[in-house]
Amino acid sequence: MMVFMGLIFVVVFVFILVGMLSHFAIFGSMVWLIARRASEAAEQRRAKPCGYCGSTLLPEATMCGACGAPRDPRHVVSPATENHLTP
Ligand SMILES: [Zn+2]
């Protein structure tokens with residue numbers, strides 16, 4: 001009887017532990033993804049020089065006004081997936 005109780009205790013303990021670990025993994029990766037998207041958005045909002053000609057780009061500009069080069073290659077690759085998580 002005591003062995004049986006111990007077995008049940010171990011099984012319940014393992015279930016709780018696995019559940020906690022999976023929650024940590026899932027929510028940790030979600031928080032990491034959101035934080036990364038936020039930092040990328042903050043990076044894009046900042047005024048920075050054009051990578052091709054060096055003239056300063058406006059924060060909202062997606063293309064260089066002087067030479068027409070894209071501000072960031074990621075804008076060209078996936079314009080439809082932009083601003084899904086950013087406010
Ligand atoms: Zn330029």
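Of the 87 residues in the chain, 2% count as buried. The model is predicted, and its pLDDT averages 80 over the chain, with 80% of the residues scoring at least 70.

The chain contains two helices and zero strands. Helix α1 spans residues 2-45, and α2 spans residues 73-77, with a loop between these helices. Among contacts in the chain that join residues at least 6 apart in sequence, 15% link residues at least 24 apart.

Within the loop between α1 and α2 lies Cys 67. Is this residue buried or exposed? Cys 67 is exposed, because 12 other C-beta atoms lie within 10 Å of its own, and a residue with 12 or fewer such atoms is classed as exposed. Neighbours within four places in sequence aside, Cys 67 is in contact with Cys 50, Tyr 52 and Cys 53. Cys 50 stands 17 residues from Cys 67 along the chain, and the C-alpha atoms of these two residues are separated by 8.8 Å.

A final point concerns confidence in one segment of the chain. Over residues 75-79, pLDDT stays under 50. For this segment, the model has three contacts beyond four places in sequence.

Terms used
Residues numbered from 1 in each chain as written. Predicted model: local features only at pLDDT ≥ 70, side-chain atom pairs only at ≥ 80, totals over all residues. Helix = DSSP H or I, 4+ residues; strand = E, 2+ residues; numbered from the N terminus. Buried ≥ 20, exposed ≤ 12 C-beta atoms within 10 Å, placed from the backbone. Contact = placed C-beta atoms within 7 Å. pLDDT = per-residue confidence, 0-100.
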